[in-house]
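Reader: Before going into detail, I would like to go through the features of a model one at a time. Please take me through this one.

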Amino acid sequence: MELEKEQTLPQTARREYTYLFLAGIFITSLVMGNIIGTTKFVSLFAFEIPNWMMSLVPSLVQNEGIYKMIVPVGVLVYPVTFLATDLLSELYGAKRTQRVVWTGFFMNFFMLAGMSIGHFLPDASGVSGATSSFEAVYDFMIGNTLASMIAYLTAQTIDVRLFHFWKKLTEGKHLWLRNNGSTMVSQLIDSIAILSILYLAGNLGDAVTGIGDLTILIINSYLFKFLFAVLDTPIFYKATRYFK
């Protein structure tokens, strides 16, 4: 009996450490994505547009016939949150995964509160090294965080529920289906929601002047997340087997 107890405790501890590790990756990616958000847009790759497509591609993402996939830097880490929740869902179930989703939601407001305190306290002139940089990030971060949290809570909740819907429907088979089926739908909702809110709030810059520009940004953002979801499937399989 004593031997069984000694063998069970380390296994339980490892299981909880893994839970904390995945939750930590999720929350770190989420908070970091909201801080950097749309402070900078980056071009991931470019290719020459065929003549028949020229009229379909807005000038915002093309230059003399060259298409550029432009995404906000916050998007670079955000897809990791969906991989983390899928792993949590597979290993720990819907209830414990939803707790992480809610924890991440409140941690973003904790971050926002801390940044706001720093914003409103008087500046120590002559000591501060980058006050203007802090204020510029803070101005963008407020809109980013509020928009992101509305989109995040909706998308992550849908992701968790779809994951378990597919798991129940396939009786625990076809791991790739619940991983990709849940992520691709929830990320589409997330991309539409957050960029639409930021557009209405005026947080996307002067170059985004209409629905056409907004649409191409949504498409670019979703395509990046879609490709990440496809590429993370083997990682999901190996991680699931390893942790199980």
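Predicted model: local features only at pLDDT ≥ 70, side-chain atom pairs only at ≥ 80, totals over all residues.

Reader: Which strand does β1 run antiparallel to, and how many bridges join them?

Author: In a regular strand, side chains alternate between the two faces of the sheet. Strand β1 (residues 41-48) is joined to β3 by six bridges, and the two run antiparallel.

Reader: How many of the residues of strand β3 are buried?

Author: A residue counts as buried when its relative accessible area is under 20%. In β3 (residues 66-72), five of the seven residues are buried, so this strand is largely enclosed by the rest of the structure.

Reader: How many salt bridges does a search of the whole structure find?

Author: The search gives two. For each, look at the distance between the closest N and O atoms, then at where the partners lie in the chain. E16 forms a salt bridge with R96, with 2.9 Å between the closest N and O atoms. This pair links distant parts of the chain: E16 belongs to helix α1 (residues 2-36) and R96 to helix α3 (residues 94-120), 80 residues apart.

Reader: What is the relative accessibility of E16, and what does it count as?

Author: E16 has 31% relative accessibility and therefore counts as partly exposed. R96 is also partly exposed, at 22%. R96 has a further contact: its charged end sits over the ring of Y19, 3.9 Å from the ring centre.

Reader: Which residue forms a salt bridge with D190?

Author: The partner of D190 is K225, and their closest N and O atoms are 2.7 Å apart. D190 lies in helix α5 (residues 175-201) and K225 in helix α6 (residues 211-231), so the pair ties together parts that are 35 residues apart in sequence.

Reader: Are D190 and K225 buried or exposed?

Author: D190 counts as buried because its relative accessibility is 2%. K225 is likewise buried, at 2%.

Reader: How many aromatic pairs does a search of the whole structure find?

Author: There are nine. To read a pair, take the distance between ring centres together with the angle between the planes. The rings of W102 and F106 have centres 6.0 Å apart and planes at 25°, so this pair is stacked. W102 and F106 are four residues apart in helix α3, which means that about one helical turn separates them. W102 is partly exposed at 39% relative accessibility, and F106 is partly exposed at 49%.

Reader: Which pair is edge-to-face, with 65° between the planes?

Author: That is Y242 with F243, whose ring centres are 5.4 Å apart. Y242 counts as exposed, with 68% relative accessibility, whereas F243 is partly exposed at 30%.

Reader: Which residues do ring pairs link into a cluster?

Author: The cluster consists of W102, F105, F106 and F109. W102 and F106, the stacked pair described above, are among its members.

Note on methods: Residues numbered from 1 in each chain as written. Heavy atoms only, no water. Buried < 20%, exposed > 50% of the residue type's maximum accessible area, 1.4 Å probe, protein only. Pairing = 2+ DSSP bridges. Salt bridge = Lys/Arg side-chain N within 4 Å of Asp/Glu carboxyl O. Phe/Tyr/Trp six-rings, centres within 6.5 Å; stacked < 30°, edge-to-face > 60°. Lys NZ or Arg CZ within 6 Å of the ring centre and 35° of its normal.
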